[in-house]
Amino acid sequence: RHTDFYPAHALEVQAVAPEARAMACGVFLTPGPLPHAHMQRMDGLRLEMELLAAEPTGMELVETVRNMKLEVGASERFSLAYEHVDQCNAGHVHNMDLKRELANAVLGFPAHSKASLDEITHRLAVVETPKGYLFGRVRFAPQAVPKELDFASNKPHNYSAGLPVALAGAAVSVAMGMFASNNRHSLGSTSSNKNESFNSREVAAPTVLDPCCGSGTIVYEAWRRGSCSRGVDAELRMVEMAAANLMHFANNFPHQPQPTIELGDAAELSLQGADVIISNLPFGRSVSFGATRLSRRRHLAASEASNQEDYESVAFLSEVLVNLRDKAERHVFFTGRPLAAQLKACGYTGITEVPVCRGGRRYMSISTGNEVLEPMIEFMPPQSYGSAMQVVGAGFSSMV
């Protein structure tokens, strides 16, 4: 949906399915099915399908499917969806022509265009990628977020420097995936499949803290996904704004613990921690740490004149990062500049960092405390980041 956010969505896959590998931009192969609850939490997921055939050209795919002799019962109906990642380089076929040929290759009756999901027995899909076509049976497609639960369009109070809902959701999904992975062995599981998380024994969702919660976007997205979430902010105005925003949705989640919003300072030693800390740190042109509005303007003017970063804000950010380091085992931060080197200097480990905005205006930095999440971005959306971008992960820093 948003090519700038693709590295964050690729990290979602890596956190939820550690053994996955990238097949093409937006297409990942896993050894087996994933728990539906985990996939429903993912912000960037379109569908999961059982791969039945893969061919370099559209007509070769049609011939392969025809030879498979797929048969649908007389009382059953099937649907065929088309997903376009990018145009096939070798043997592109117009999507309507390809769908017609594939539908004719399946022995059975397709569902009519207005059929409900209950009327469709078999859901099939074809995916076009630059390297060829994939065909399979859809096992899972996440339910769309109801309009009344969309935080961006329904919250009563807006904040210009707020984090996009999609990135907040991706960060929560990554954090919950890391939490599940780290707690797998504590459940006594004997499975050798790293992708098989809590199929038979569910574990409680992690507690989430946003120490710079602003209008409450991260707190809400964690709450909506079943976590016990808490927000803290140093400005009373933001605390009141976030509390009012969350209260607006309170009746929609009657069986989940209500999130809390508190007035507090991210640099205070007395700050209570959580399993995971996720935060859009106030660092950049609009807001920054350790400065009043008046002094912030002065610092910004001075830094622009000297073409250097605001030293006082950077120094205070390190103080905050050191304080937050031991308040949780896992951390996800968003900032307006690369943060990996500063995290390492502050004692964080297992660091991964990817840009999530063209032009280097926003970065997503993750600290797992142990194993590094390796960004699966061998394939990138066309015309997204240009010829190169800075990525940190798996113990390396490289240009992709």
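Predicted model: local features only at pLDDT ≥ 70, side-chain atom pairs only at ≥ 80, totals over all residues.
Reader: Within what arc do the buried residues of α4 fall, seen down the axis?
Author: An α-helix has 3.6 residues a turn, so residues three or four places apart point the same way. The buried residues here are Leu-98, Leu-102 and Ala-105. They line one face of the helix, because seen down the axis of α4 they fall within an arc of 55 degrees.

Reader: Does Val-16 count as buried or exposed, and why?
Author: Let's find Val-16 first: this residue lies in helix α1, which spans residues 6-16. A residue is buried when its relative accessible area is under 20%. Val-16 has a relative accessibility of 5%, so it counts as buried.

Reader: How many Å apart in space are Val-16 and Gly-177, C-alpha to C-alpha?
Author: In sequence, Val-16 and Gly-177 are 161 residues apart. In space, their C-alpha to C-alpha distance is 4.6 Å.

Reader: Among contacts between residues at least 6 apart in sequence, what percentage join residues at least 24 apart?
Author: Here we look at the whole protein chain, which has 11 helices and 15 strands. Of its 400 residues, 48% count as buried. Among its contacts between residues at least 6 apart in sequence, the share joining residues at least 24 apart is 71%.

How values were computed:
Residues numbered from 1 in each chain as written. Heavy atoms only, no water. Helix = DSSP H or I, 4+ residues; strand = E, 2+ residues; numbered from the N terminus. Buried < 20%, exposed > 50% of the residue type's maximum accessible area, 1.4 Å probe, protein only. Arc of directions from axis to C-beta. Contact = heavy atoms within 4.5 Å.
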